Amino acid sequence: MGGVLALGPLLAGPAEAAVAAAGAGTAPPGAPDKAKDVYEAIGVRPLINARGTFTILSGSLMLPEVRAAVDAAARQYVHLDELADAVGKRLGELTRSEFGLVSSGCSAALTHATAACVAGGNPDLHIRIPDLTGFEKTEVIIPKHSRNVYEAAVSAVGLKVVEVSTRAELEAAMGPQTALVYIMAGPKVDESEINTKVIAEVAKPKGVPVLVDAAAEILTVPNVHLGYGADLVAYSGGKAIRGPQSAGLLLGREGLVRAAWVQSAPHHGFARGFKVGKEEAMGMLMAVEMWVRRDHDAEYQRWTGWLKDIAGQVSGIPTVTTSIVQPEGLSNRTPSLNVLWDEERLGVSGQTVTDTLYDGEPRIALNPASGDGTTGVSITPYMLTPGDEKVIARELVKLLKNPPEPPEPDKPPTVDVSGDWSLQIKYLAGSSDAHRLRLSQDGATVTGSHTGDFVERKLTGTVSGDTVSVRSTYGEEHGDSLDFTFTGTVKGDAINGELDMGEYLKATWTATRGA
């Protein structure tokens, strides 16, 4: 806070004045951070995040200036329509776009933007969403390169997804029923026949807006996607920009962004639940104020310095090699460090090291990595705080010099799981008896298919002793993502065990083999 106040007249905007007003009652510089005490008091273990800006790991840490702005905003009342207007204008000034909106995360920004493209500012239409019966705009075009799990924020408005792969398909699919084209930003788009520029060239003459999802990207000023011809672009506020974790940004054409505000809370209708408080709005505005002032080159050099320090600590261990990898594109733009070694000589895999550090104290989140015949870990400095790099180096050296016992090796199979199996799955709430496994076994290897309530996917797995483990995946190229790992004990024509569904947590399952 002292650093913010010291900027004084250099920060002349109203958001900075709000930060200064928050000075009273804040902790003095150098005061101990009580965050760990807050979480540990309820039995939650904090962690050092060297994995990345994953939402499940709570994204990034708010800047001190952002925390101060949130605190200042919490001390008074305002009218939210007036706040949205003022914040929107200031965001437009800062980002050199027409207008801006603070949303409850990037996903909500996508939903509000989609609703704006469908209903504009018309409340007669707005209150009907997501039932689009009788609407003119009922479809969203999504290029094949942009199909992903986050498009649910767009289809939730009630639109039918139309997938295209070529310019000819794009032109044929676009008509009066087309509400918008949705693009997931990334190298696949830039290298495609139908990149953002091409899509905008086709869409603009037909009056069809183009929405770009740039959730994990750095904020470019002037905005690269709007420069390519997109009408709207959405960002996560709690990743690179380091605003409130629950906030997002929508930037672009003023009429559509204002309509997106009409479609959002506190206004009623389907999106009432996507509420943004005055605190998140002012915190996100401050994050953008700071983005245009931050020394990004100095940050990058500091991150690289931390990685070099870690590399220097571990490079003396036999067979260990290190390399700093530079990013491609704008998403998660940070260097990373690969630490690789000979698994046979050191007696430990990168996955085991990753798991051990995550379960240990201090708790450290890394990514497993591999190279040409090597195993290892990858370290991302993006979200580290000063001193974290020393802890990571110390714990990694300790593990590599004295590795944990390796997992118990697989046993020869004592059962045969070939056949068709009917399942009953008990979720945290509810159950399903619609799932089927069709398995073929060759030695310890299992292949086959998994049919669920609505979709079928291939599976692979193994048998160790009387334990079977099979995994099926349904990739986000469908606009969804399902990852099921069934592990169970086989007794004759029955299996009982645990189902790991990744982000959907765990369940129990039983299976019976058909005749």
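Q: How much space lies in the largest cavity?
A: The structure is a predicted model, and it holds three cavities of 30 Å³ or more. The space in the largest cavity comes to about 110 Å³.

Q: Which element gives the most residues to the lining of the largest cavity?
A: The lining includes Leu80, Leu83, Ala84, Val87 and Gly88, along with others such as Trp261 and Val276. Two elements, H5 and strand S2 (99-103), each supply at least two residues of this lining. With five residues, the element that gives the most is H5.

Q: How many residues of the lining of the largest cavity are nonpolar, how many polar and how many charged?
A: Among the lining residues are Leu101, Val102 and Ala281, and also Gly100 and Gly277. Leu, Val and Ala count as nonpolar, whereas Gly counts as polar. Sorted in this way, the lining divides into nine nonpolar, three polar and no charged residues.

Q: Which helices hold aspartate 85 and arginine 258?
A: Aspartate 85 and arginine 258 form a salt bridge, in which the closest N and O atoms are 2.9 Å apart. The pair links distant parts of the chain, since 173 residues separate the two partners. Aspartate 85 lies in helix H5 (residues 80-95), and arginine 258 lies in helix H13 (residues 254-262).

Q: Which residues are linked with Asp85 and Arg258 in a network of salt bridges?
A: A salt bridge needs a side-chain nitrogen of Lys or Arg within 4 Å of a carboxyl oxygen of Asp or Glu, and by this rule the count comes to 26 salt bridges. Asp85 and Arg258 belong to a network of such bridges, and the other residues linked in it are Lys89 and Glu254.

Q: Are arginine 294 and glutamate 299 buried or exposed?
A: These two residues form a salt bridge, with their closest N and O atoms 3.0 Å apart. A residue counts as buried when its relative accessible area is under 20%. Arginine 294 has a relative accessibility of 14% and glutamate 299 has one of 10%, so arginine 294 and glutamate 299 both count as buried.

Q: Is glutamate 408 buried or exposed?
A: Glutamate 408 meets lysine 411 in a salt bridge of 3.7 Å, N to O. Lysine 411 has a relative accessible area of 47% and is therefore partly exposed, whereas exposed residues must be over 50%. The relative accessible area of glutamate 408 is 60%, so this residue is exposed.

Q: Which residues of helix H17 are buried, and against which helix do they pack?
A: In helix H17 (residues 350-359), the buried residues are Gly350, Thr352, Val353, Thr354 and Leu357. They pack against several strands, including strand S10 (336-341) and strand S13 (375-379), and against helix H18 (388-401).

Q: With which residues is leucine 61 in contact, leaving aside its neighbours within four places in sequence?
A: Leucine 61 sits in the loop between strand S1 (48-49) and helix H4 (64-73), and at 48% relative accessibility it counts as partly exposed. Once the neighbours within four places in sequence are left aside, its contacts are with Arg242 and Thr385.

Terms used
Residues numbered from 1 in each chain as written. Predicted model: local features only at pLDDT ≥ 70, side-chain atom pairs only at ≥ 80, totals over all residues. Heavy atoms only, no water. Helix = DSSP H or I, 4+ residues; strand = E, 2+ residues; numbered from the N terminus. Buried < 20%, exposed > 50% of the residue type's maximum accessible area, 1.4 Å probe, protein only. Contact = heavy atoms within 4.5 Å. 1 Å grid on protein atoms, 1.4 Å probe; cavity = no way out; pocket = protein on both sides within 12 Å on 5 of 7 lines; lining within 4 Å. Points joined across faces, edges and corners; volume = space filled by probe spheres on them.
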